[in-house]
Amino acid sequence: MPVVLLASLSAGCVVVSLQPAYDDESVVFEERLIGQWENVEDRTAAAIEPGEWRSYRVVFTDRSTTLTFHGNATRIGSALFLDLTQSRGVDAGPYLVPVHGIYRIELAGDTLSAAGLDYEWFTQAMALKKLGRLAVAIDGRRNISIGASTSELRAWLARAPDEAFGAAMTFTRKR
């Protein structure tokens, strides 16, 4: 999670979706996500709390930044995904579109691994036209935006190769 979050603070090079990876019927609430998580090596932390209606409030902190996200979990096959949008306190206006960061999550005991969509893989797949019906575009800041519907995105995630996800960041539960 941190690598993609840090990249999102820079000039670009992230992969986001215009539509969520979940719909009302597919939202799940995974109680084991709740807690204080840290990556000592990267000096990052994530506090995950219950939010409204089977959602999460995720506060991510690195060495210099704290960001707050709204999260929804969904299962596609046996995989668990966390869909994050940045929380905003007020209406941001009609020209700011909330985007979704999608992370494949693995939980094992007190270990949480999160892998976001990989920018380099998407860049190559776009050039080779290997994304099938998944509509994608690169904006002026070099971000990749997925414009597919939720159902098309879920179908793609169900068969996405492991290489489509970046290196997982691993957190341990704080005691």
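Buried means under 20% relative accessible area, exposed means over 50%, and partly exposed lies in between (1.4 Å probe, protein chains only). Helices (H or I, at least four residues) and strands (E, at least two) are DSSP runs, numbered from the N terminus.

This is a predicted model, in which local features need pLDDT of at least 70, side-chain atom pairs count only at pLDDT 80 or more, and totals for chains, interfaces and linings use all residues. Residues are numbered from 1 along each chain as its sequence is written, and side-chain values use heavy atoms, with hydrogens and water left out.

**Helix H2**

Start with helix H2, residues 119-127. Its buried residues are Tyr119, Trp121, Phe122 and Ala125. They sit on the same side of H2 because they cover an arc of only 160 degrees around the axis. That arc is taken from the directions from the helix axis to the C-beta atoms. The face turned away from this buried side carries the exposed residues Gln124 and Ala127.

What do the buried residues of H2 pack against? Their partners are strand S1 (15-17), strand S11 (144-146) and helix H3 (150-159). Contact here means heavy atoms within 4.5 Å.

Now look at the two ends. At the start of H2, a side-chain oxygen of Asp118 comes to within 3.4 Å of the backbone nitrogen of Glu120. Just after H2, Lys129 has a positive phi of about 55 degrees.

**Salt bridges**

A salt bridge is a side-chain nitrogen of Lys or Arg within 4 Å of a carboxyl oxygen of Asp or Glu. The whole structure holds six of them. The table shows some.

| Pair | Closest N to O |
|---|---|
| Glu30 and Arg32 | 2.9 Å |
| Glu152 and Arg133 | 2.7 Å |

Arg173 lies in strand S12 (residues 169-173) and Asp110 in the loop between S8 and strand S9 (111-116), so the pair ties together parts that are 63 residues apart in sequence. Arg173 is partly exposed at 21% relative accessibility. Asp110 is partly exposed too, at 28%.

Glu152 and Arg133 also form a salt bridge. This pair links distant parts of the chain, 19 residues apart. Glu152 is in helix H3, while Arg133 is in the loop between H2 and strand S10 (136-138). Glu152 is partly exposed, with a relative accessible area of 26%. Arg133 is exposed, at 67%.

Salt bridges that share partners join Glu30, Arg32 and Arg75 into one network. Arg32 is partly exposed, at 41%.

**A buried threonine**

Thr74 lies in strand S6 (residues 66-76). Thr74 counts as buried because its relative accessibility is 0%. Leaving out residues up to four places away in sequence, Thr74 touches Ala21, Tyr22, Ser26, Val28, Ala79, Leu80, Phe81 and Arg154. With Arg154, the side chains make a polar contact (2.7 Å). A polar contact is a pair of N or O atoms within 3.5 Å; within protein, one must be able to donate a hydrogen and the other to accept it, and residues adjacent in sequence count only if both atoms are side-chain atoms.

**The surface**

Val97 lies in the loop between strand S7 (79-86) and strand S8 (101-108). Val97 counts as exposed, at 58% relative accessibility.
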